[in-house]
Number of protein chains: 2
Amino acid sequence: MALDEIDRRILRILQKDGRMTNVELARLVNLSPAATLERVRKLEHSGVIRNYMARLDPETVNLGLLVFVQVTLDRTSADIFDSFAKAVRAMPQVSECYMVAGGFDYLVKARVRDMNAYRAFLGKTLTRLPGVRQTHTYTVMEEVKADLELPI
Amino acid sequence: MALDEIDRRILRILQKDGRMTNVELARLVNLSPAATLERVRKLEHSGVIRNYMARLDPETVNLGLLVFVQVTLDRTSADIFDSFAKAVRAMPQVSECYMVAGGFDYLVKARVRDMNAYRAFLGKTLTRLPGVRQTHTYTVMEEVKADLELPI
DNA sequence: GAGTTTTACCGAATATCATTCGGGGGAAGT
DNA sequence: ACTTCCCCCGAATGATATTCGGTAAAACTC
């Protein structure tokens, strides 16, 4: 789908305030509400806008500790990767997990309440998965930037 | 702020669909629209809900390559950390940046169009920052999980 | 280039929604 | 027992989303 400047402006605005009313959005992009709504619907149906979400503060919901874990798997069997991926998707503590090139196999981003909770998660859940050979934990000490908006 | 079960249900729902109407949300949590709205406003003002955002598909906006970069700084001067943090916050390619314990100094998550764009970003922007001693790039090959919702 | 189709837009009408307000009722506190 | 506070409700109203017919310009066809 081809995006013109008005589309990009809409996307920039909705990334910052996903609940802005359509009439206010229309004012900001100098279109009628009807035309604006039509553009937004098109962006939604074409998949440019995946969804809308409320972003919560991790601290206030008892998820104050953020960690990254490098995970290396045994390469003995092909479906070990699949079963690892499946298991990780089912873990609520894991917010993101990527297969990466360049030294280890998976990079896992996890949110837990505190260091105790992380120790339990690592020992009782993550390292118990079949095929996990080695892990290395990086504890986040400071959030320098956490910008979920994409630069359009 | 203390959250009861209804609050948590509201948060779970709004994380999945940040644009749900208040009347539908009220139906789902078995409250009147007025009471539901009051709860949502309270969650917003207390900071549990930080904001609402439209989540875009990176591919469709030409940001198909996701990379993680480990960055090590010279520890010669204290304000090198500050200037690095400041510079990183101003880079649109950097979506997240954390100071981490455990072997290197910063973990940077960046989105770019392709490998060429990444090479340019690394060579012309990131490694040119004062104090950057060493970088190590991990290219994401597969997105196993990318769940921005917090487990409530 | 005349005709045709497509695309994007508008304004008005209507259905739906957000928001406010007065008040009820139960729990906690005095 | 009384007061206070908290959470809830229903009704009213003002704002909004959404639909629809119509217009004009661009793109496409012959």
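**Entry 1: helix α5 of chain A**

I began with helix α5 of chain A, residues 115-126, in this predicted model. I wanted to know which of its residues are buried. I noted A:Tyr118, A:Phe121, A:Leu122 and A:Leu126. These residues cover an arc of only 95° around the axis, which puts them on the same side of α5(A). An α-helix has 3.6 residues a turn, so residues three or four places apart point the same way.

I then looked at the other side of α5(A), where A:Arg119 and A:Lys124 are exposed. Next I asked what the buried residues of α5(A) pack against. The partners I wrote down are four strands of chain A: β2 (65-73), β3 (94-101), β4 (106-112) and β5 (132-146). At the start of the helix, I found a side-chain oxygen of A:Asp114 within 3.2 Å of the backbone nitrogen of A:Asn116.

**Entry 2: helix α4 of chain A**

I repeated the search on α4(A), where the buried residues are A:Ile80, A:Phe81, A:Phe84, A:Ala85 and A:Val88. Seen down the helix axis, they fall within an arc of 135°, so they line one face of α4(A). On the face turned away from that buried side, I listed A:Asp79, A:Asp82 and A:Lys86 as exposed.

What covers the buried residues of α4(A)? I found β2, β3, β4 and β5 of chain A among the covering elements, together with β5 (132-146) of chain B.

**Entry 3: where chain A meets chain B**

I looked up the contacts and found 64 residues of chain A touching 64 residues of chain B. The size of an interface is often given as the accessible area lost when the parts come together. For chain A and chain B I noted about 6200 Å² buried between them, with 59% of it on carbon and sulfur atoms. In chain A, the residues that lose the most area to chain B are A:Arg19, A:Met53 and A:Lys145, which together make up 13% of what that side buries.

I also looked up the polar side of the interface. There are 43 residue pairs in polar contact across it, counting pairs with both residues at pLDDT 80 or more. Which elements give two or more residues to the side of chain A that touches chain B? I listed α1 (5-16), β1 (49-56), β2, α4 (79-89), β3, β4 and β5 of chain A. Of these, β5(A) gives the most, with eleven residues. I sorted the residues on this side of chain A into 37 nonpolar, twelve polar and 15 charged.

The interface of chain A and chain B also holds four salt bridges. I looked at the one between the side chains of A:Arg50 and B:Asp57, at 3.3 Å from N to O.

**Entry 4: salt bridges elsewhere**

I then took the whole structure, which holds 20 salt bridges over all chains. Side chains of opposite charge can pair when their charged atoms come close. A:Arg39 lies in helix α3 and A:Asp7 in helix α1 of chain A, so the pair ties together parts that are 32 residues apart in sequence. Buried or exposed, I asked of A:Asp7? A:Asp7 is buried, at 5% relative accessible area, while A:Arg39 is partly exposed, at 22%.

B:Glu5 and B:Arg8 are three residues apart in helix α1 (residues 5-16) of chain B, so about one helical turn separates them. B:Glu5 also forms a salt bridge with B:Arg12, where the closest N and O atoms are 2.8 Å apart. I noted B:Glu5 as partly exposed, at 40% relative accessible area. B:Arg8 is partly exposed at 28%, and B:Arg12 is partly exposed at 32%.

**Entry 5: two positive phi angles**

Last, I looked at the backbone. A:Asn30 has a phi near 60°, a positive value in a residue other than glycine. I located A:Asn30 in the loop between α2 (22-29) and α3 (33-45) of chain A. A:Asn30 is exposed, with a relative accessible area of 63%.

B:Asn62 is not a glycine either, and its phi is positive at about 65°. I found B:Asn62 in the loop between β1 (49-56) and β2 (65-73) of chain B. At 43% relative accessibility, B:Asn62 counts as partly exposed.

Conventions. Residues numbered from 1 in each chain as written. Chains lettered and ligands numbered in written order. Predicted model: local features only at pLDDT ≥ 70, side-chain atom pairs only at ≥ 80, totals over all residues. Heavy atoms only, no water. Buried < 20%, exposed > 50% of the residue type's maximum accessible area, 1.4 Å probe, protein only. Arc of directions from axis to C-beta. Contact = heavy atoms within 4.5 Å. Polar contact = N/O pair within 3.5 Å; in protein donor to acceptor, adjacent residues only side chain to side chain. Buried area = accessible area lost by both parts, 1.4 Å probe. Nonpolar A, V, L, I, M, F, W, Y, C, P; charged D, E, K, R; others polar.
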